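Trainee: Could we go through this model together? I keep seeing labels and I'd like to know what stands behind them.

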Amino acid sequence: MTEKTEPFFVGYMSCLPKGLGWFVSLAMFGFVAGMIATSIFASAKIPDAGDGEILWSQGRQEFIGRLEYAPYPVLRVPAEGDQPARSIMLTGVSKVGVIERGQQLDGTMVRAEGFMVQRGDLSMLQVVGSQRGLGDAEDYSPPDYHPEAVTKHGRWKLTGEICDGKCYAGAMRPGRGLAHKACAALCLTDGVPPVFVSEGPIKGRSFFLMADKNGKLLGPEITQLLSLYISIEGEVLQMDDLMIFKADLDTAVVR
């Protein structure tokens with residue numbers, strides 16, 4: 001009677017024993033299937049990056065309007081034909097805003113040239129160049145354009161996330177969450193307008209240009225609140241089609 005032996009692998013042989021071959025095949029299949037399942041599960045947990053983008057295909061666009069420093073540089077463009085008056089947030093190239101130039105031109109008619117960054121109804125003009133992309137428009141007629149007064153919508157408690165407006169609008173994807181925290185901190189420090197992305201809309205809008213509770217520029221204290229899901233109270237204003245949130249940072253609560 002022949003004694004039954006277990007399969008034994010010998011390194012210099014050209015093939016595995018039959019029993020070990022099946023075991024290795026099943027182990028590899030299980031490993032690959034597990035990696036695929038893990039990848040699908042992990043990707044399903046990643047927030048949607050949205051459809052925002054820099055509209056390179058539309059080329060450089062030019063707008064003329066009154067620049068208001070409220071609290072970040074905003075270009076208030078008059079109504080024309082069927083196009084209602086609008087307020088366009090301004091930012092610079094890369095991770096830099098246009099705060100210094102905006103202060104110099106505050107309250108004057110300016111000509112702004114650049115590429116639009118847009119995500120849904122959130123839009124921002126990325127001003128090109130250093131000086132040529134944003135300058136006075138004294139030749140514009142009528143030079144005495146006076147935008148409508150800002151509308152007050154009272155005090156609200158909003159829940160959502162603080163983002164830098166340029167990246168969230170489409171300059172980076174994703175433009176929110178922990179993966180984007182370091183980039184957002186750098187952008188906001190250098191003057192890119194911050195926006196509060198709210199889970200619930202007000203007057204149909206879910207994003208808000210942010211200011212501090214006094215309507216001024218936000219300071220470095222905003223950094224510790226980036227990438228967090230928070231609730232915060234403050235006054236909501238409307239400038240043409242742009243909503244502004246004067247946030248009281250002392251009321252911020254992490255959800």
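Trainee: Let's start with R155 and D248: why is this pair called a salt bridge?

Mentor: A salt bridge is a side-chain nitrogen of Lys or Arg within 4 Å of a carboxyl oxygen of Asp or Glu. The closest N and O atoms of R155 and D248 are 3.7 Å apart, so the pair qualifies. R155 sits in strand β8 and D248 in strand β12 (residues 242-254), so the bridge ties together parts that are 93 residues apart in sequence. Helices (H or I, at least four residues) and strands (E, at least two) are DSSP runs, numbered from the N terminus.

Trainee: Before we go on, what sort of model is this?

Mentor: It's a predicted model: local features need pLDDT of at least 70, side-chain atom pairs count only at pLDDT 80 or more, and totals for chains, interfaces and linings use all residues. Residues are numbered from 1 along each chain as its sequence is written, and side-chain values use heavy atoms, with hydrogens and water left out.

Trainee: Which other residue does R155 bridge to, and how do you know?

Mentor: R155 also forms a salt bridge with E233, where the closest N and O atoms are 3.4 Å apart. That links R155 in strand β8 (residues 151-164) to E233 in strand β11 (residues 230-239), 78 residues apart. E233 has a relative accessible area of 29%, so it's partly exposed.

Trainee: What about K246 and E235: what makes them a salt bridge?

Mentor: Their closest N and O atoms are 3.5 Å apart, so they pass the cut-off too. K246 is in strand β12 and E235 in strand β11, 11 residues apart. At 18%, K246 counts as buried, whereas E235 is partly exposed at 23%.

Trainee: How many salt bridges are there altogether?

Mentor: The structure holds nine.

Trainee: Which residues does A185 touch, and what counts as touching?

Mentor: Contact means heavy atoms within 4.5 Å. Not counting residues up to four places away in sequence, A185 touches T223 and L226. A185 and T223 are 38 residues apart in sequence, yet 5.9 Å apart in space, C-alpha to C-alpha.

Trainee: And what makes up the nonpolar surface patch?

Mentor: F31, V32, M35, I36 and I40 make that patch, about 500 Å². Patches are made of residues with over 30% relative accessible area and no salt bridge: like charges are joined within 9 Å, nonpolar side chains (Val, Leu, Ile, Met, Phe, Trp, Tyr) within 5 Å. I40, in helix α1 (residues 18-44), is exposed at 55%.

How values were computed. Buried < 20%, exposed > 50% of the residue type's maximum accessible area, 1.4 Å probe, protein only. Areas by Shrake-Rupley, 256 points an atom, 1.4 Å probe, with all protein chains shown as cover.
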